[in-house]
Amino acid sequence: SYRLFRYLLTQLIMSGGLKVLALQKEDVTKMLAAGTHLGAGNCNFQMLSYVFKMRNDVSIIDVKKNWEKLLLAARVIASIENPSDVCVISSRNYGQRAVLKFALHTGATAIAGRFTPGTFTTQIQAAFKEPRLLVVTDPSADHQAIM
């Protein structure tokens, strides 16, 4: 019993997951190659805890914290039983392709481009949706869907 407890304790990591979900060297290499660690020059005060350092007016995002938030988001999305109850939205050009691919591979509902006001509130509308989870690529640009 004690040995099993010790084994399970060593399997857990800081993010609460198993060693299988721990950040691996290959994952870091792929994230760095994709440029996920590079942020904008102007940094919001809410993002300061995720910024590793500022260099040449570019914020460098902490890869470990980024990985933990990615795992948290994956767990939240996986907890929804019906994938069509997840709605992913992007009005910006850089996120539309990602939204469409995510919806294609997961079965989620994608709204790429302009968000029609009333999509979530007006039941008479033909495009009415009632998602359980809403994922947006840019909260400032997609504020109409969030409100």
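Predicted model: local features only at pLDDT ≥ 70, side-chain atom pairs only at ≥ 80, totals over all residues.
The buried residues of helix α3 are V63, W67 and L71, where buried means under 20% relative accessible area with a 1.4 Å probe, protein chains only. Looking down the axis of α3, these buried residues stay within an arc of 85 degrees, so they line one face of the helix; the arc is taken over the directions from the helix axis to the C-beta atoms.

Residues are numbered from 1 along each chain as its sequence is written, and side-chain values use heavy atoms, leaving out hydrogens and water.

What sits over that face? The cover on the buried residues of α3 includes α2 and β2 (58-61). Helices α2 and α3 pack at about 100 degrees, axes 11 Å apart, and are therefore roughly perpendicular (65 to 115 degrees). Axes here are lines fitted to C-alpha atoms over the stretch in contact, with angles from 0 to 180 degrees between N-to-C directions. Contact means heavy atoms within 4.5 Å, and here's who takes part:

| Helix | Residues | Contact residues |
|---|---|---|
| α2 | residues 25-34 | D27, V28, M31, L32 |
| α3 | residues 63-78 | V63, N66, W67 |

By type, the residues of this contact split into five nonpolar, one polar and one charged.

Zooming out, the protein has five helices and five strands, and 22% of its 147 residues count as buried.

Notes. Helix = DSSP H or I, 4+ residues; strand = E, 2+ residues; numbered from the N terminus. Parallel < 35°, antiparallel > 145°, perpendicular 65-115°, else oblique. Nonpolar A, V, L, I, M, F, W, Y, C, P; charged D, E, K, R; others polar. Buried < 20%, exposed > 50% of the residue type's maximum accessible area, 1.4 Å probe, protein only.
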